[in-house]
Amino acid sequence: MPRDDEDPQLRELQRVLPLAKLTVGELWLKYFALGGSAGRFEIEAYLSSAHLLPPLERDLVAQAVNEHFMDLSVDVRVPYSSSLEPGEGESPK
Amino acid sequence: MTGTASGAMNQEQLQDLLLASPGFSNFMLELAMAAAAGLGTGPPVLCSITVEREGFPVTVASSDAAAMVLDERQYFFNEGPCLTALRQHRRVLIPDLASSRKWARYAWEIRSSGVAAILAVPVEAGKGTAAALNYYAFDTSTIDDAFILAVETLSTAISRILQLALRFHLPSPEGTDFGPALRSRALIDAAVAVIMIQGRCSRAQALQMLQQAASNENSRIRDQAIRILNQARRGHPGPMM
């Protein structure tokens, strides 16, 4: 199911992902290691704008890529939903 | 085995493969025990995990050697609160061991330990396996309603880790080292369980708190998880990392 391309987090992720030089499987493993619940195919579909993920899962994908950039000492970061959607009120606190 | 991390492998298959690492089960169980020992703010308790397969119970992890001894007295007589919890799949609470008629023999057996109250809660451990989390307290006021609720939450939270830890007799996939990924996941799951118990929140909320803390500091989720676990372990020395 195609989705709108207006999600700035996904757009930025798609833009920087080639710099990370990760296969989908490698990215999924990193995301899984951080507590992610979505399956590998869901992640693949999300990356190609064909599947929606909840904000937490999207942020964990972003975190996985960002931690990989930390490993590479590359100063690039994918934004998190909290920084893109101020006042969304999804905080658990 | 031709599958790799980038192949068509689902999460369950991967988790199975992750168990190849020999020291892995101990590592995960230690994490579970660290989370368990950090429960509540009251006086310290002893805790352990008993697993029974084919009628043969064994303590797979314990916060303390004393907890293992207390478990083993039960195995020797083939009865006791933790064996009842795992075999009958129900919670067993002995609020005051000294006045318990049902457990008088076990109470006599362990009289020198100073244990005053016991809680045993079953843990879902997969087919053909029964498991229980056991808590031994030194006074009768430690195991209150909040404590029981926390242990039951933890029991649910560690079920998956425990099932993974118990299935380590699997061949290693060639050329792929999944160990670091599952170690990281185990750390984060354990920290999430601690946050769920302390904050009375859902898994998603707990994980979101960890993720936000990491993003605020431009740090790693794993480092946040270690910080949470270390806080939980204060006053509960044990083998870990």
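**Figure 1. Contact of helices H8 and H9 in chain B.** In this predicted model, B:Leu210, B:Gln211, B:Ala213 and B:Ala214 of H8(B) meet B:Ile221, B:Gln224 and B:Ala225 of H9(B). Sorted by class, the contact between H8(B) and H9(B) comprises five nonpolar and two polar residues, with no charged residues. Two packed helices are described by the angle between their axes and the distance between the axes. Here the axes of H8(B) and H9(B), the latter spanning residues 221-232, come within 8 Å and cross at roughly 115°. The crossing of H8(B) and H9(B) is right-handed.

**Figure 2. Surroundings of B:Leu210 in the largest nonpolar core.** The largest nonpolar core holds 84 residues, of which B:Ala191 and B:Leu210 touch the most other members. Helix H7 of chain B (residues 179-199) gives the most to this core, contributing 13 residues. When residues up to four places away in sequence are not counted, B:Leu210 touches B:Ile188, B:Ala191, B:Val192, B:Ile221, B:Gln224 and B:Ala225. Among these partners, B:Ile221, B:Gln224 and B:Ala225 belong to the H9(B) side of the contact with H8(B).

**Figure 3. Interface between chain A and chain B.** The contact draws 25 residues from chain B and 20 residues from chain A. On the side of chain B that touches chain A, H7 and H8 of chain B each supply at least two residues. The largest share of that side, nine residues, comes from H8(B). By class, the side of chain B that touches chain A has eleven nonpolar, eleven polar and three charged residues.

Figure 4. A:Leu60 is found in helix H4 of chain A, which covers residues 55-71. Because 29 other C-beta atoms lie within 10 Å, A:Leu60 is buried. Leaving aside neighbours within four places in sequence, A:Leu60 is in contact with A:Tyr31, A:Leu34, A:Gly35 and A:Gly36, and also with B:Gln211 of the partner chain. A:Gly36 is 24 residues from A:Leu60 along the chain, and their C-alpha atoms are separated by 6.3 Å. B:Gln211 is one of the H8(B) residues that meet H9(B).

**Figure 5. Open sheet of chain B.** The open sheet has five strands in the order S2-S1-S5-S4-S3 (chain B), with antiparallel pairing. Its edge strands are S2 (56-62) and S3 (92-94) of chain B, each of which pairs on one side only. The twist from one strand to the next averages 20°. Helix H3 of chain B (residues 65-77) packs on the sheet and touches S1, S2 and S5 of chain B; the direction of this helix makes about 40° with that of S1(B).

**Figure 6. Pairing of strands S1 and S5 in chain B.** Strands of a sheet pair through backbone hydrogen bonds, either parallel or antiparallel. In this view, strand S1 (residues 46-53) and strand S5 (residues 129-137) of chain B run antiparallel and are joined by eight bridges. B:Glu52 stands opposite B:Ala130 in S5(B).

**Figure 7. Loop residues with positive phi in chain B.** B:His89 lies in the loop between helix H4 (81-88) and S3 of chain B. Its phi is near 55°, a positive value in a residue other than glycine. B:His89 counts as exposed because it has 12 C-beta neighbours inside 10 Å. B:Arg200, likewise not a glycine, has a positive phi of about 45°. The place of B:Arg200 is the loop between H7 and helix H8 (203-216) of chain B. With 12 C-beta neighbours inside 10 Å, B:Arg200 therefore counts as exposed.

**Figure 8. Overall composition of the two chains.** Chain A contains five helices and zero strands, in the order α-α-α-α-α from the N terminus on. Buried residues make up 35% of the 93 residues in chain A. Chain B contains nine helices and five strands, and its elements run α-α-β-β-α-α-β-α-β-β-α-α-α-α from the N terminus on. Of the 241 residues in chain B, 45% are buried. Among contacts in chain B between residues at least 6 apart in sequence, 66% join residues at least 24 apart. For chain A, residues 24 or more positions apart account for 61% of the contacts with a separation of 6 or more.

How values were computed:
Residues are numbered from 1 along each chain as its sequence is written. Chains are lettered from A and ligands numbered from 1 in the order in which they are written. This is a predicted model: local features need pLDDT of at least 70, side-chain atom pairs count only at pLDDT 80 or more; totals for chains, interfaces and linings use all residues. Two strands pair if DSSP finds at least two bridges between them. Helices (H or I, at least four residues) and strands (E, at least two) are DSSP runs, numbered from the N terminus. Axes are lines fitted to C-alpha atoms, for helices over the stretch in contact, and angles run from 0 to 180 degrees between N-to-C directions. Two residues are in contact if their C-beta atoms, placed from the backbone, lie within 7 Å. A nonpolar core is a set of buried Ala, Val, Leu, Ile, Met, Phe, Trp, Tyr and Cys residues joined through C-beta atoms within 7 Å. A residue is buried if 20 or more other C-beta atoms lie within 10 Å of its own, exposed if 12 or fewer, and partly exposed in between; C-beta atoms are placed from the backbone. Ala, Val, Leu, Ile, Met, Phe, Trp, Tyr, Cys and Pro count as nonpolar, Asp, Glu, Lys and Arg as charged, and the others, Gly among them, as polar. A crossing is left-handed if the near helix is turned anticlockwise from the far one by less than a right angle, and right-handed if clockwise.
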